[in-house]
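Please look at the sequence and the model first.

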Amino acid sequence: MAGNETNARPRAPHLQVYKWGPAMAVSILHRASGDGLAIVGALMFLWWLGAIAAGPDAYAAFVACVWHDPSLEITLFHQITNILGKVVLVGLTWAFFQHLFSGLRHLVLDTGAGYELKTNKMWSALVIAAGVLATAATWLYIMAGAL
């Protein structure tokens, strides 16, 4: 009978079976940071270019939204947009460094090195830590220069 046959083919495990590790996290973060850089980074870049092309008033409005508002009348809206602008810039900085370090890890893996389990786990954890530390160092430098 066709319904009583045992299938010798292995079944693919479900997501609940996989044990999450740093290599999986780095792979997902690499894709997410690349998409974030492509979409959010491109939109920010186009907004910046449009503000430059539109003249000094439009560029001042862009800077007021993204970085700081130099006017004396700072409203709650301007304070919120300043915070959101900085959050987006910090996020783009993190995405850049995460994607950079993950790409360097993939470059090393493409040479055939680093596939041992302990080595791969260590380098994956270092990629995540390096992205966060490079972002923090960059923004500490930027904020120290702004003060």
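## Helices and contacts

Ala-32 is found in helix 1, where helices (H or I, at least four residues) are DSSP runs, numbered from the N terminus. The model is predicted: local features need pLDDT of at least 70, side-chain atom pairs count only at pLDDT 80 or more, and totals for chains, interfaces and linings use all residues. Residues are numbered from 1 along each chain as its sequence is written, and side-chain values use heavy atoms, with hydrogens and water left out.

**Helix 1 against helix 2**

- The axes of helix 1 and helix 2 cross at roughly 145 degrees and come within 7 Å. Axes are lines fitted to C-alpha atoms, for helices over the stretch in contact, and angles run from 0 to 180 degrees between N-to-C directions.
- Helix 1 contributes Met-44, Trp-47, Trp-48, Ala-51, Ile-52 and Ala-54 to the contact. Helix 2 contributes Ala-58, Tyr-59, Phe-62, Cys-65 and Val-66. Contact means heavy atoms within 4.5 Å.
- The residues of this contact divide into 11 nonpolar, no polar and no charged. Ala, Val, Leu, Ile, Met, Phe, Trp, Tyr, Cys and Pro count as nonpolar, Asp, Glu, Lys and Arg as charged, and the others, Gly among them, as polar.

**Aromatic pairs**

- Rings of Phe, Tyr and Trp (its six-membered ring) pair if their centres lie within 6.5 Å; planes under 30 degrees apart count as stacked, over 60 as edge-to-face and the rest as tilted. By this rule the count is six aromatic pairs.
- Trp-47 and Phe-62 form an edge-to-face pair, because their ring centres are 4.8 Å apart and their planes stand at 90 degrees.
- Trp-47 lies in helix 1 (residues 22-54) and Phe-62 in helix 2 (residues 56-66), so this pair ties together parts that are 15 residues apart in sequence.
- Trp-47, Tyr-59 and Phe-62 form one aromatic cluster.
- Phe-62 counts as buried, at 9%. Buried means under 20% relative accessible area, exposed over 50%, partly exposed in between (1.4 Å probe, protein chains only).

**Helix 2 against helix 3**

- Helix 2 and helix 3 (residues 76-110) pack with their axes 6 Å apart, at an angle of about 80 degrees.
- The two helices are therefore roughly perpendicular to each other. Angles under 35 degrees count as roughly parallel, over 145 as roughly antiparallel, 65 to 115 as roughly perpendicular and the rest as oblique.
- On the helix 2 side, the contact uses Ala-64, Cys-65 and Val-66. On the helix 3 side, the partners are Thr-81, Asn-82, Gly-85, Lys-86 and Leu-89.
- The residues of this contact divide into four nonpolar, three polar and one charged.
- The charged end of Lys-86 sits over the ring of Trp-67, 5.1 Å from its centre. A charge sits over a ring if NZ of Lys or CZ of Arg is within 6 Å of the ring centre and within 35 degrees of the ring normal.
- Phe-62, Ala-64 and Val-66 are buried in helix 2. The buried residues of helix 2 pack against helix 1 and helix 3.
- Val-87 has its place in helix 3 and counts as exposed, at 53% relative accessibility. Its C-alpha atom is 9.3 Å from that of Val-66, 21 residues apart along the chain.

**Other positions in helix 1**

- Ala-32 is partly exposed, with a relative accessible area of 44%. Ala-32 and Gly-55 are 23 residues apart in sequence and 34 Å apart in space, C-alpha to C-alpha.
- Met-24 also lies in helix 1. Met-24 is partly exposed, with a relative accessible area of 29%.
- Met-24 touches Tyr-18 and Lys-19, not counting residues up to four places away in sequence.
- The C-alpha atoms of Met-24 and Val-87 are separated by 26 Å, at 63 residues apart along the chain.

- Asn-120 is found in helix 4 (residues 117-146). Asn-120 is buried, with a relative accessible area of 17%.
- Which residues does Asn-120 touch, not counting residues up to four places away in sequence? They are Ala-23, Arg-105 and Gly-114.
- Ala-113 lies in the loop between helix 3 and helix 4. Ala-113 is partly exposed, at a relative accessible area of 35%.
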